[in-house]
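Visitor: I am new to this structure, and I would like to understand how its features get their descriptions. Could you take me through some of them?

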Amino acid sequence: MKAVTYLFLLILTAACGTLDVQPFQQLSDSRAITDAGSARAALLGTYSSVQNYYQLNYPVLGYLPGDNVRFNGTLNQFNQIDQNALSADNVIITETWTQIYQAINSANNVLAALPDLSDPLLTATEKNQLLGEAYFIRALAYFDLGRGWGGVPLVLKPTRSVADGQGIKRSTLEQTYDQVLADLTEAERLLLDGATRNRAVKNTARALRARLHLYRGQWAEAETFATQVIASPNYRLATPYRAFSAAPFGSSESVFELTYSIADPNNQWNNWYPSALGGQYTLQPTPEFVTLANRADAGGNRNVLLSTVRSGATDFVYGNLYNRAAQRDDPAYVIRLAELYLIRSEARARQGKLTDALTDLNVIRSRAGVPAGTAATANALLLAVENERRVEFAFEADRWFDLVRTGRADDVLGITDQRKWLFPIPFNDIAADADLTQNPGY
């Protein structure tokens, strides 16, 4: 049995009850996407699949291995991530991998069905928009797999039977990112212009493409696509910093976020809030980050990421980015305009455009109420951007991946074994296919 065959079985098992619509990967072709209504519902189900892995698992993999967040508890799956001592049977690793492939399979169903679908209620413009959104979601999913696991099996057709999953072996990271680029190129061509925050439009694809080029070290391209988004009148930095997360359904700064509701909740707050506020307090800001965020020259008004509650004689400092406990509708922030400024700053610094790079950096520092940076060399600017990203995206899925992509996980975190910079392929998939190679070190 091939690894992707096993993934198919996991998809069938895990998809039940997680989507807002009936999981189409379990339906026969004749019942899946047959008209405009089912096409729209399938696309919403695809977004729901992305919500599933961004609700907790993927952000945890982005911040917990770094130096901003620590785990306070006894659950081994979280302790392994916190201590950078992952095993291939880690539950969060397995769940995240499976959830991402569920999103890919859902997108593949849309991409396979829509081109030949004929319904007078589905205009050519809307069909292109739905296709573009599916391409974007597949691109995001493969990008998220690539930066976490390296090269992965590229499944580009719907997986509806065991036979569909056979014979797909692992690609290289370059091949994986090539597929992301191909999907984003097609997404940008098909998508409409607009300012929708929780569904993809042209600038959503451009923003992810800027991030992709940054990860690939393609500095000119990263600058170009970041500039296109920054120049759009549809986005502006929310002021002050807290304003981007104050409204439940998208600020002017959100390029792409995932929305939740009390009926489809985001329960991240429960892991951050102390018991005095009804939470478990298992995810905590590290003392080092608390000090950093409270420094006037580093955190500035971003110290609002931290709150304190007194219980008995003890003050508990907690992270409150996810602060809508009553409504449970905190968005998952995937791409913010602030990131585009810092992508462009880094890309410009690496091209020797130091004055422009410093200007972009200081746009973010000014919004945070911290003194303007004065870095005068490329190396100093790159370090300043790294430090700025650490605070700006402290509790988003960013810090660990930043340190890995820049090769700084050893210098900053002391993780000398670079084999541990990638996550393990889940044990079940390795066991299902002797030809599927595990990442070295696991």
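**Reading the descriptions**

Guide: At the start of α2, a side-chain oxygen of D35 reaches to within 3.3 Å of the backbone nitrogen of G37. This is a predicted model, in which local features need pLDDT of at least 70 and side-chain atom pairs count only at pLDDT 80 or more, while totals for chains, interfaces and linings use all residues. Residues are numbered from 1 along each chain as its sequence is written, and side-chain values use heavy atoms, with hydrogens and water left out.

Visitor: How do you know that the span of α2 is close to the expected one?

Guide: Helix α2, residues 36–54, has 19 residues and reaches 28 Å from its first C-alpha to its last, close to the 27 Å expected, the expected span being 1.5 Å times one less than the number of residues. Of these 19 residues, 15 are buried.

Visitor: Why is S245 called buried?

Guide: S245 has a relative accessible area of 2%, and buried means under 20%, with exposed over 50% and partly exposed in between, for a 1.4 Å probe and protein chains only; S245 is therefore buried. S245 lies in the loop between α9 (219–230) and β2 (254–258), and, not counting residues up to four places away in sequence, touches L321, N323 and Y333, where contact means heavy atoms within 4.5 Å.

Visitor: Why are α5 and α6 called roughly antiparallel?

Guide: Helix α5 (residues 91–113) and helix α6 (residues 124–149) pack at an angle of about 155 degrees, with their axes 9 Å apart. Angles under 35 degrees count as roughly parallel, over 145 as roughly antiparallel, 65 to 115 as roughly perpendicular and the rest as oblique, and α5 and α6 are therefore roughly antiparallel to each other.

Note on methods. Helix = DSSP H or I, 4+ residues; strand = E, 2+ residues; numbered from the N terminus. Polar contact = N/O pair within 3.5 Å; in protein donor to acceptor, adjacent residues only side chain to side chain. Axes fitted to C-alpha atoms, helices over the stretch in contact; angles between N-to-C directions.
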